[in-house]
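Hi,

Here is the structure I promised to pass on.

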Amino acid sequence: TINPFWKVRLINVQRIDPARKYVLISNHQSLIDIALLLQLGMNFKWVSKIELARVPIVGWVIWLNDHILVRRGDKQSVVRMAEACRRTLQEGTSVYMFPEGTRTGTGELQPFKEGAFILARDNEVPILPVVLDGASSALPNKGFWFRVKQTFTVSVLDEIPEQQILGMPIPDLIDHTRMLMMKELEVLRAETVEC
């Protein structure tokens, strides 16, 4: 990690099948999130808003690893992003998206956008939800001040299989997935309080 006083707690990483491709999703707390997800040891292409490509260090990671960029509000950019995601999945590489679309200002889950869920349905790929915690207090949305000591948690939930995705309307799938992630976030925070 960037800071020797930071610790990363990985939970249920064994749920990841390295032979499978997924649409990976997680909550979005901070710029640190991508560094945390790299601790999973998975190969994935991250969908990022184009503005982040100009941020030092984060931008270098995006360009060097050929991650997928999208300009929010630009329909042509969204179409190109969807095609790049489809191609990436066809090549056998997972795609990683933040369904909230932007970082939370409070650490709580925001409403989910439908893009990741449509991508999983249209390509018949399982969704793998991942819940992150600790990043919003280590590096808040509106700042660049790092907290000295922090424990981060990366928790992998059970995958949502293709059959379930195909059998649910997208709004129901979004609600179901968000509820699973919200419950896991509550459990993680309860454990932290007990410690």
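Glutamate 162 counts as partly exposed because its relative accessibility is 22%, where partly exposed is the range between buried (under 20% relative accessible area) and exposed (over 50%), taken with a 1.4 Å probe and protein chains only. Before you go further: this is a predicted model, so local features need pLDDT of at least 70 and side-chain atom pairs count only at pLDDT 80 or more, while totals for chains, interfaces and linings use all residues. Residues are numbered from 1 along each chain as its sequence is written, and side-chain values use heavy atoms, with hydrogens and water left out.

Now the charges. There are seven salt bridges, each one a side-chain nitrogen of Lys or Arg within 4 Å of a carboxyl oxygen of Asp or Glu. One of them joins glutamate 162 to arginine 20, with 3.4 Å between the closest N and O atoms. Glutamate 162 is in helix α6 and arginine 20 in the loop between β1 and β2, so this pair ties together parts 142 residues apart in sequence. (Helices, H or I with at least four residues, and strands, E with at least two, are DSSP runs numbered from the N terminus.)

Arginine 20 also has a salt bridge with glutamate 159, again with the closest N and O atoms 3.4 Å apart. Glutamate 159 sits in the loop between β7 (150-156) and α6 (162-166), so here the parts tied together are 139 residues apart.

As for networks, shared partners join Arg20, Glu159 and Glu162 into one.

On to the rings: how many aromatic pairs turn up in the whole structure? The search finds three, counting rings of Phe, Tyr and Trp (its six-membered ring) with centres within 6.5 Å, and calling planes under 30 degrees apart stacked, over 60 edge-to-face and the rest tilted. Phenylalanine 44 and tyrosine 96 make a tilted pair, at 5.3 Å centre to centre and 45° between the planes. That pair links strand β3 (residues 44-49) with strand β5 (residues 94-97), its members being 52 residues apart. Both phenylalanine 44 and tyrosine 96 are buried. Phenylalanine 112 and phenylalanine 117 have centres 6.3 Å apart and planes at 25°, so they are stacked. Finally, Phe44, Tyr96 and Phe98 form one aromatic cluster.

Cheers
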